[in-house]
Amino acid sequence: MTLLSPENLLLFSFALIVIAFLYSSVGHGGASGYLALMTIFAFPVAIMKPSALLLNLFVASISFFFYYRKNYFRSKLFYPFAITSIPAAFIGGFVTLDNTIYKVVLGLVLVFAALRLFGIFNFKEKEAVKINLPFALAIGFAIGLLSGMLGIGGGIILSPILLFLGWASVKESAAISSLFIFVNSFAGMLGFLMGGKTIPMESFYLVPIAVVGGVLGGFYGSGYFSNKTLKVVLGTVILMASVKLIFP
């Protein structure tokens with residue numbers, strides 16, 4: 001990859017595996033982590049969005065496979081969000097934000113992602129509550145639109161909402177979020193391509209590296225996995241990246 005020197009490529013690859021591992025373990029594709037990493041290594045904005053969407057497709061699908069095998073997926077809870085998020089993500093994929101606006105909005109989303117890793121928005125499971133359909137449809141649309149514009153899957157936002165409202169357990173929210181991320185990333189990528197853009201070759205080079213972490217994370221996360229130290233380290237890195245984006 002011509003974007004990085006051999007030394008930086010090794011460090012970047014290791015960090016990418018760790019990010020994919022941690023995110024996949026909790027049912028996420030990892031886009032917020034990938035975007036933070038690419039920010040730190042000074043990737044061009046034109047490469048960041050398609051790369052994050054592409055990696056999400058692979059890692060989120062791997063994570064969903066492992067959680068689905070453990071029977072944590074609830075289709076009736078997934079569809080209300082997906083119905084509105086898919087077209088919204090497609091529309092968002094068409095949108096090309098000004099670089100400055102993109103970096104600020106992404107930076108704010110990364111702050112949220114970092115706080116989640118620090119455990120601030122990791123709500124405890126509640127007693128099962130019946131889903132509010134109109135509210136779920138509205139949430140799906142809002143997250144989908146943001147996902148398509150930024151190149152994220154939206155799981156980092158959806159999963160705490162599911163837990164906070166008592167609509168799903170931790171494992172169920174992971175299973176739902178992983179498929180939610182996949183469909184949003186696919187719709188966002190489709191909108192991106194139909195908007196006349198192409199996926200840079202550098203994006204494809206990252207796929208096998210992320211897949212290694214995704215497989216390991218999905219395997220351990222769908223069973224039992226918790227590593228607070230790594231999450232704090234990753235959260236700190238993402239927070240640093242968000243500051244770099246908002247205050248260049």
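Helices here are DSSP runs of H or I with at least four residues, numbered from the N terminus. I'm working from a predicted model, where local features need pLDDT of at least 70, side-chain atom pairs count only at pLDDT 80 or more, and totals for chains, interfaces and linings use all residues. Residue numbers start from 1 along each chain as its sequence is written, and side-chain values use heavy atoms, with hydrogens and water left out.

**Entry 1: helix 2**

I started with Ser32, which sits in helix 2. Ser32 has 5% relative accessibility and so counts as buried (buried is under 20% relative accessible area, exposed over 50%, partly exposed in between, with a 1.4 Å probe and protein chains only). I then listed what Ser32 touches, leaving out residues up to four places away in sequence: Tyr23, Leu110, Ala113, Ile152 and Ile156 (contact means heavy atoms within 4.5 Å).

**Entry 2: two positive phi values**

Most residues other than glycine have a negative phi, and I went looking for exceptions. Ala42 is one, with a positive phi of about 60°. I find Ala42 in the loop between helix 2 and helix 3, and at 59% relative accessibility Ala42 is exposed.

Asn71 also goes positive, at about 65°, without being a glycine. Asn71 belongs to the loop between helix 3 and helix 4 and is exposed too, with a relative accessible area of 68%.

**Entry 3: the core**

Which residues have the most contacts inside the largest nonpolar core? I noted Phe12, Leu16, Tyr34 and Phe81, in a core of 62 residues (a nonpolar core is a set of buried Ala, Val, Leu, Ile, Met, Phe, Trp, Tyr and Cys residues joined through side-chain atoms within 4.5 Å). Helix 3 (residues 45-69) gives the most to this core, with 10 residues.

Not counting residues up to four places away in sequence, Phe81 touches Ile131, Ala136, Ile139, Gly140, Leu158, Leu162, Trp167 and Phe180.

**Entry 4: helix 4 on helix 8**

The axes of helix 4 (residues 75-94) and helix 8 (residues 170-194) come within 7 Å and cross at roughly 25° (axes are lines fitted to C-alpha atoms, for helices over the stretch in contact, and angles run from 0 to 180 degrees between N-to-C directions). Helix 4 and helix 8 are therefore roughly parallel (under 35 degrees; over 145 is roughly antiparallel, 65 to 115 roughly perpendicular, the rest oblique). The contact includes Phe81, Ser85 and Phe90 of helix 4 and Phe180, Asn184 and Gly188 of helix 8. By class I get 16 nonpolar, 5 polar and no charged residues (Ala, Val, Leu, Ile, Met, Phe, Trp, Tyr, Cys and Pro count as nonpolar, Asp, Glu, Lys and Arg as charged, and the others, Gly among them, as polar).

I also checked Lys171 in helix 8. Lys171 is partly exposed, at 22% relative accessible area. Lys171 and Lys70 are 101 residues apart in sequence, yet 9.4 Å apart from C-alpha to C-alpha.

**Entry 5: helix 3 on helix 5**

Helix 3 and helix 5 (residues 99-117) pack at about 45°, with axes 11 Å apart. That makes helix 3 oblique to helix 5. Val45, Met48 and Lys49 of helix 3 meet Asn99, Tyr102, Lys103 and Leu106 of helix 5. I get 4 nonpolar, 1 polar and 2 charged residues for this contact.
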